[in-house]
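Please consider the structure shown here.

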Amino acid sequence: MRGATHAKWAACAAAVALAATACGGGGSDSGGGDSGAVLSSSWGDPQNPLEPANTNEVQGGKVLDMIFRGLKRYNPKTGAAEDMLAEKIDTSDSQNFTVTVKSGWKFSNGEAVTAQSFVDAWNYGASLKNNQKNAYFFGYIEGYDKVHPEDGSKQTADTLSGLKVTGTNTFTVKLTQKFSTFPDTLGYPAFAPLPKAFFSDHAAWIKKPVGNGPYAIESYTKGSKMSLRKWDGYPGDDKAENGGVDLKVYTDNNTAYTDLMAGNLDLVDDVPAAQLKNVKNDLGDRYLNTPAGIIQTLAFPFYDKNWNKSGSEKVRKGLSMAINREQITNTIFQKTRTPATDWTSPVLGEKGGFQDGLCGDGCEYKPDEAKKLIQEGGGLPGGQVKISYNADTGSHKEWVDAVCNSINNALGNDKACVGNPVGTFADFRNQITQKKMSGPFRAGWQMDYPLIQNFLQPLYYTNASSNDGKWSNKDFDKLVDQANQETDTSKAIGLFQDAEKVVRDNMAAIPLWYQNGSAGWSDRLSNVALNPFSVPVYNEIKVG
Amino acid sequence: MGRYVVRRLLQMIPVFIGATLLIFLMVNVMGDPIAGLCGDKQCDPATAAQLKKEFGLDKPVWQQYLTYMGNVFTGDFGTAFNGQKVTELMSTAFPVTIRLTIVAILFEIVIGITLGVVTGLRRGRPVDTSVLLLTLVVISVPTFVTGLLLQLLLGVEWGWIKPSVSTDATFSELIVPGLVLASVSLAYVTRLTRTSIAENRRADYVRTAIAKGLPRQRVIIRHLLRNSLIPVVTFIGTDIGALMGGAIVTERIFNIHGVGYQLYQGILRQNTQTVVGFVTVLVLVFLVANLLVDLLYAVLDPRIRYA
């Protein structure tokens, strides 16, 4: 009991200290009231410089989501793309788009957001010489092959020929192919506008990025802390409901969780696996565990003819049916994964193309049928499957062993499946790129934008960028092409679902589970939610 | 003395080159670091090639090593993947770890040597036995257990300290982490001092000093302790390097952004520049600390002379 009182005192002290800094450091903030209070949140050191087109992981994504607003924004709850800075995006042929930017928007340094801000930013992101890791986002825009030659040869242009500024607030986009859902991809941070300061004094901008979102960066100590404060001049409707956010870098999410327990931190967005058992006790209902736009699958090496002969699809389906997803997600992941029943993600919503149970009995645990199917398909190639995974992160060993165990039990052969660990993720990626896989391997997909297209085309289209298994199917390609040409969104989604059924019938990859995002918070906070990218929706959090 | 120091400094050169080469090769063996930069996806080949060129990874390893060493001698330790200069990372990480090491070493010297002297003089008494037992416990419990336990008790249950250290990492915040870091070495220092004192207590010079009628305090501090400190100084000297490089576990538990944190992140991201840079500096610290220890011998024992 005594211990508990002490902890409470510490929490109060921390709260007072935080409130004090909020009042002192808020600057233009008039102070007082709940909307002035600052919350602290756990953070990891972003892997890349904080440029919008160079940030491809959650930690950098958190910051971008606070300091940038693009043409579209994904609704944190439904995942639907809604107009943000876009007045309208018109097209008559799904290939040429006219974008009208709302007037009255500014960057936090006072500069107006115009059509030029977007075009400059996109040209920068696409250009090979800038080493932007999200450059491929601009791959559909005409002229991309000139500014970003695929073979790495010298680029022959600095700007995308498909982008033209036609007025202060209008520009046109020409794509290389019909892509009806293109406007819906524009909510991704890579498409954010950039101020002139980004280009004129790049080094200074990187030190303290300036954007057009509800928060502005007050101070940034690389590798340890970033203080963001509410920007009072923000013109949008989604103004910050708190005074600001202090992001603190933690090396170990266990420490962050301990800090949360001690009242030293307000929000952790990655509850450590070891604490999942205690989380109900520690936090009660101040804990969130919802599906994120991440799906884990087992991909197959279709360049290996053992896995690409007639009957192989039966073996693959059989393997899928031999995996007890329910049990594995419950015991190993403590329900922080949801068994997959299709190849997309629940964050898309029914409207966006997610279809619960599309996989059918192929994703259900039916050991007897599984055994029969594998025998019909000619048995396991070489009598054994080896599931490759990288052993350095993400506790993959546990679930791979569990999957193998499940397969072995179903087939009644304790040598039918073994795990094949690869030391580091980088080496694992190398082996995949060099087509050295001889059996199924772990494949995770984190969506770029919440569209069904993003869960299918990059992964299963012939020679697509992330088609690691090199699966190729004419029917699938044809349906995807048709879907991209379809101007009616709901029809396009229907066509994508048809394409997904082709994936199902061939069992091109075994869907395992959807990954969840988790968050825990102190009793000072309310209205905490995670967006489809598992990033907390900071501007909606209320303090006090 | 001067010639001895010069000779020792010259000896450092091959050790330095050998150590950096080994680290460089080890990091390179881990595979292509660029492949891990794009999440679960494949980097688009053009960008990957461009990045490789930028970080010099497209050249053969020996050439990479030579360019790297050439740059190191001009004070350029390269750039980390997040665009920061490695020297910049060092300038933020080393002061923190040095403060942590100072706290740890102070604990070792003050508590370790005091306990050692007390137990050494009272061999076989209850104080001696209980301290011995205590050191045994401390040595056998791994650092991460002590660290997590203290963090949970002092930080969460009793609320005496904050469980994590802030960005500033001031001395007062580093007391508990420093104690955790020092705990095992502290126990060793206690035991070393105790044995050494107990052994020298019966030496002729101590008897002479007592016979001369010197005060007890003077005998213990000026004669007995000074002569017993040689093995302890050796231990503490080499421990400086070990503490600085080996703080990874402690730094992770208390979220201290020092050398251990940068090394850990560098290894995880296969960032050759960061890992080699930091380890190079650690190697230098080791070498210099060893040299200082050897020079200290002469101060403690005038019979030792370096020609």
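Predicted model: local features only at pLDDT ≥ 70, side-chain atom pairs only at ≥ 80, totals over all residues.

Residues are numbered from 1 along each chain as its sequence is written, while chains are lettered from A and ligands numbered from 1 in the order in which they are written.

Q: How many residues does the largest nonpolar core have?
A: A nonpolar core is a set of buried Ala, Val, Leu, Ile, Met, Phe, Trp, Tyr and Cys residues joined through C-beta atoms within 7 Å. A residue is buried if 20 or more other C-beta atoms lie within 10 Å of its own, exposed if 12 or fewer, and partly exposed in between, with C-beta atoms placed from the backbone. A:W122, A:I387, A:I407 and A:L456 have the most contacts inside the largest core, whose residues number 157.

Q: Which residues is A:W122 in contact with, leaving aside its neighbours within four places in sequence?
A: Two residues are in contact if their C-beta atoms, placed from the backbone, lie within 7 Å. With the neighbours within four places in sequence left aside, the partners of A:W122 are A:F138, A:L160, A:L163 and A:F191.

Q: Which element gives the most to the side of chain A that touches chain B?
A: In this interface, 51 residues of chain A are in contact with 45 residues of chain B. Helices (H or I, at least four residues) and strands (E, at least two) are DSSP runs, numbered from the N terminus. Elements of chain A giving two or more residues to this side include α1 (2-25) and β16 (441-446). The most, six residues, comes from α15(A).

Q: Is α4(B) oblique or parallel to α12(B)?
A: Axes are lines fitted to C-alpha atoms, for helices over the stretch in contact, and angles run from 0 to 180 degrees between N-to-C directions. Helix α4 (residues 86-121) and helix α12 (residues 272-300), both of chain B, pack with axes 10 Å apart at an angle of about 50°. Angles under 35 degrees count as roughly parallel, over 145 as roughly antiparallel, 65 to 115 as roughly perpendicular and the rest as oblique. Therefore α4(B) is, relative to α12(B), oblique.

Q: What is the phi of A:M507 near?
A: A:M507 lies in the loop between α18 (489-506) and β17 (509-521) of chain A. A:M507 is buried, with 23 other C-beta atoms within 10 Å. Its phi is positive, in a residue other than glycine, and is near 45°.
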